[in-house]
Amino acid sequence: MPAIQQFTVTPNLPEPLQPLLEIANNIWWSWNVEAISLLRRVDTNLWDAHHGNPIAVLGTLSAERVAELAKDRAFLAHLERVMGDLDRYLNLTSWFESEHPMRTDMRIGYFSLEFGLHESLPLYSGGLGILAGDHLKSASDLGLPLVGVGLAYQTGYFRQYLNHDGWQMEEYSVNDFHNMSMQLEKDDDNKDVTIEVQYPGRVVIARIWRVQVGRNPLFLLDTNLPVNRVEDRELTSRLYGGDNEMRIRQEILLGIGGLRALIKLDHEPTMCHLNEGHSAFLALERICLLMKNQGLNFETAFEMVRATNVFTTHTPVPAGNDHFQPDLVRTYLAKKAGDLGLTMDELLALGRQNPNNQNETFCMTVLALRLSRNTNGVSELHGHVSREMWQSIWPGVPSEEIPIAHVTNGIHTRSWLCSEIARLYDRYLGPRWHEEPTNKTIWDRVELIPDAELWRSHERMRERLVGFVRNRMHRQARKRGAHRATIEAASQVLDPEALTIGFARRFATYKRAALILRDPVRLAKILNDPDRPVQLIFAGKAHPKDQPGKEIIRQLVHLAEEKGFRHHIVFVEDYNIEVARYMVQGVDIWLNTPRRPLEASGTSGMKVPPNGGINLSILDGWWCEGYEQGNGWTIGGGEDFDDQIYQDEVESTALYDLLENEIVPIFYDRSSDDVPREWTRIMKNSMRTVNAEFNTNRMVEEYTQRFYVPALENAQRLESDQYSKAETLGLWRKETLKGWGNLKINCVDAPPLTAHPMGTQLPVRAAVMLGNIPVEDVLVEVYHGLLNAAGEIEDGETDTLFSTDEIHDGAVVFVGNISCRRAGQRGFTVRAVPRKNGFPLGRFETGLVTWWGGNTSKDCSPTEDKGKPETSKS
């Protein structure tokens, strides 16, 4: 093959049109209606041909069209307005500047394996990436000093198409980064900025692409360089492609390489947010850098890094977390273990639920949990599920006290809102809804929107959705080589006036796309009512290796071709952000039928209420918090089932009952002006109750106030006086872990356990053998609460026991009281946990707890012991 010299050609625009490039290279345009209108106006045909990619449009624009635009006064005026909007957006005093004016030293690195910003940047597969993209957009809106870090996938996630039998097939398209809204980072000599990452026997080079997301950059690593081996160039080829070895290599690049990229670009973070466990190796790299650059030992560096890591877990099932065999970890991280001063077994222990189990796999989620002080699930229910799922990391700790919080996900509202409804909001809510999407008072003003005006706007969006689906179905049929009659029929599917139900998400079996298809006869009767027709639009991809998920798609497509369902059920291929946007903007009902509690959050349903759609969902994920009487419908009452077949029967029946008895009648109950008044009332309730709470501005504000700012303040305390406090904390942790096994609760004593009136105090004494643990480093508590039928404490609460100078058989006596605040059969026990005064640590920071196992002596009455150890009162 001959040698090839590379060069780049960029769009050549005259001076008056130069601002187009600045706008097109900032993803801000994707959530600004006027900017989209301007870019589309450049050349409508090219815009559609390039799927809304403005850089590709400008790069293929004819010289004649460029000349026309340069002389078009109306277009230039439009360009000036949009450029002015962008300038104002970038320079406006932000929420973060107003709330935290002194936090100019904060820099947050946000790491994610995928980012979904727009369909013209296909670097995502689904919900995790969409959430990451919306997080960046809201961080920009709020002025948060945050930078994103990910990988630049040459072929991204697969493109989906169906064969003649309805079976999902996969193909991959090559991303041309030079014709996308992204630019290479250059140094002062105009050379590509690169970083190096060590792999066994070689060094891999990665260059860095920048995607500008409003105020904030997203940096993407790209190893597709001639200097790298073929297998290393493939590192950034596919998202979720390859085997486990490819995955660990990608995650090393994301975590370790991503951190090095930020440092190289002078964006070294003061804290890191791990969006899922894929990037957890960054924590090891941060420890290494502190040890190398600041001369810290492992324990001290560990405390600094743990204090400034935030970890969000999105996975509600253990199998969804990345696990690597120990030998694979040894192959790729042996050198890193040496740099950390750890043995390989000590490093492996950081990623194991049971650190002493030599046969356990290495889990990235466990590594992230151990190396992050602030951890959270993505909805209230998911927080509960996560605490139960990872309870073994904190053995002996009640599940409700496991230190995994929750921050419920949201959406970036303006990215998903149709222009029709946006204009209604401008007219009746005022312009503040743009800047204050979390303001409930503003959203209460949706009641001012006239029913007829709201309904007509929504009808136009449904008509637009039907037109979009018809075009897609026509293209799908032609691509499959279908008969002419089939192709023509594809252009006639759906009724623009019929009640339209949407279901679009990953086709995993637990999401139960086929639940509504369980009784075909009953469903056909619902869909084919001549006076009250109903139609279903499905979209979504199954993972390439998920054969059961592919089979659900095949069965759905076959059913849609049957006489009773033809034109009433459609499956739209190749689900992406564009398809999602049309669907959430145009459907009347958004259907969600996961098997509870396997839906971590489910943000697709949040995108519907801002556009006037209504949710019909199992009580799972976010809908447990979002549902209120009158703002949508629930399928069932949040029950849990042991028998899945029975569950499907019960919940499909409930779904059909809702459609037949409530949803369809309400939709078609029209007033004299053909407006469904009860339906529009529910639409407004949905807008009013959902929009203010379930958006990423609220979510990012919550992360900032609960995690980011406190983490920075804690880190500044730890690093003060040359990291002396971090060193103290690290030594305390090491000594506590070493000596805690000798601590025992010898005995517990209380008055006769007869009936005690509410409002009284029950005194409790406990004798604790401390071993080598100082008394001030121990928190002793009485744990009490109502007893269930099994005699176990439920929803326990605590009262502190305080140390005394009394000694019982060599053990320190602690005393305190139980506050009898609630009536009923109650029980108590006593526990001890480590604590370190002067440090803002969680109760189970170390994961250690010792429970009273029953008295080892007759009572806890005080005895003389002249050789008692030195003690101090708490």
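# Close-up views of a predicted model

View 1. Cys288 is buried, its relative accessible area being 11%. Here buried means under 20% relative accessible area, exposed means over 50%, and partly exposed lies in between (1.4 Å probe, protein chains only). The accessible areas come from the Shrake-Rupley method. The model is predicted, so local features need pLDDT of at least 70 and side-chain atom pairs count only at pLDDT 80 or more, while totals for chains, interfaces and linings use all residues. Residues are numbered from 1 along each chain as its sequence is written, and side-chain values use heavy atoms, with hydrogens and water left out. Cys272 is also buried, because its relative accessibility is 0%. The structure holds zero disulfides, a disulfide being a pair of cysteine sulfur atoms within 2.5 Å. For Cys272, which is in no disulfide, the nearest cysteine sulfur is that of Cys288, 14 Å away. Cys288 is likewise in no disulfide, and its nearest cysteine sulfur is that of Cys272, at 14 Å.

**View 2. Leu284 in helix α11.** Leu284 sits in helix α11, which covers residues 281–294. Helices (H or I, at least four residues) and strands (E, at least two) are DSSP runs, numbered from the N terminus. Leu284 has a relative accessible area of 1%, so this residue is buried. Along the chain, Leu284 and Pro609 are 325 residues apart, and their C-alpha atoms are separated by 42 Å.

View 3. A salt bridge is a side-chain nitrogen of Lys or Arg within 4 Å of a carboxyl oxygen of Asp or Glu. Side chains of opposite charge can pair when their charged atoms come close. Arg88 and Asp85 are separated by about one helical turn, because they are three residues apart in helix α6 (residues 73–91). Arg88 is exposed at a relative accessible area of 52%, whereas Asp85 is partly exposed at 25% relative accessibility. In the whole structure, a search finds 64 salt bridges.

**View 4. A salt bridge between two loops.** Arg480 and Glu573 form a salt bridge through their side chains (2.8 Å, N to O). Arg480 is in the loop between α21 (451–479) and α22 (484–490) and Glu573 is in the loop between β17 and α25, so the pair ties together parts 93 residues apart in sequence. With a relative accessible area of 26%, Arg480 is partly exposed. Glu573, with 6%, is buried.

**View 5. A positive phi at Asp574.** Asp574 is not a glycine, yet its phi is positive, at about 55 degrees. Most residues other than glycine have a negative phi, and most peptide bonds are trans. Asp574 belongs to the loop between β17 (569–572) and α25 (577–586). This aspartate counts as buried because its relative accessibility is 7%.

View 6. Between Arg596 and Pro597 the peptide bond is cis, and omega is near 5 degrees. Pro597 lies in the loop between β18 (589–592) and β19 (614–618).

View 7. Arg821 and Glu797 meet through their side chains in a salt bridge (2.4 Å, N to O). Arg821 is in the loop between β25 (811–819) and β26 (826–834) and Glu797 is in strand β24, so the two tie together parts that are 24 residues apart in sequence. Arg821 is partly exposed at 44% relative accessibility, and Glu797 is partly exposed with a relative accessible area of 22%. Elsewhere, salt bridges that share partners join Glu303, Arg306, Arg373, Arg733 and Glu845 into one network.

**View 8. A patch of negative charge.** On the surface, Glu400, Glu792, Glu794 and Asp795 gather in a patch of negative charge. Patches are made of residues with over 30% relative accessible area and no salt bridge, joining like charges within 9 Å and nonpolar side chains (Val, Leu, Ile, Met, Phe, Trp, Tyr) within 5 Å. Asp and Glu count as negative, and the place of the charge is CG of Asp or CD of Glu. Glu400 is in the loop between α16 (380–389) and β14 (405–406) and counts as partly exposed at 40% relative accessibility. Asp795 is in strand β24 (residues 793–808) and counts as exposed at 65% relative accessibility. The phi of Asp795 is positive, near 50 degrees, in a residue other than glycine.

How values were computed
Accessible areas come from the Shrake-Rupley method with a 1.4 Å probe; for residues, only the protein chains shown count as cover.
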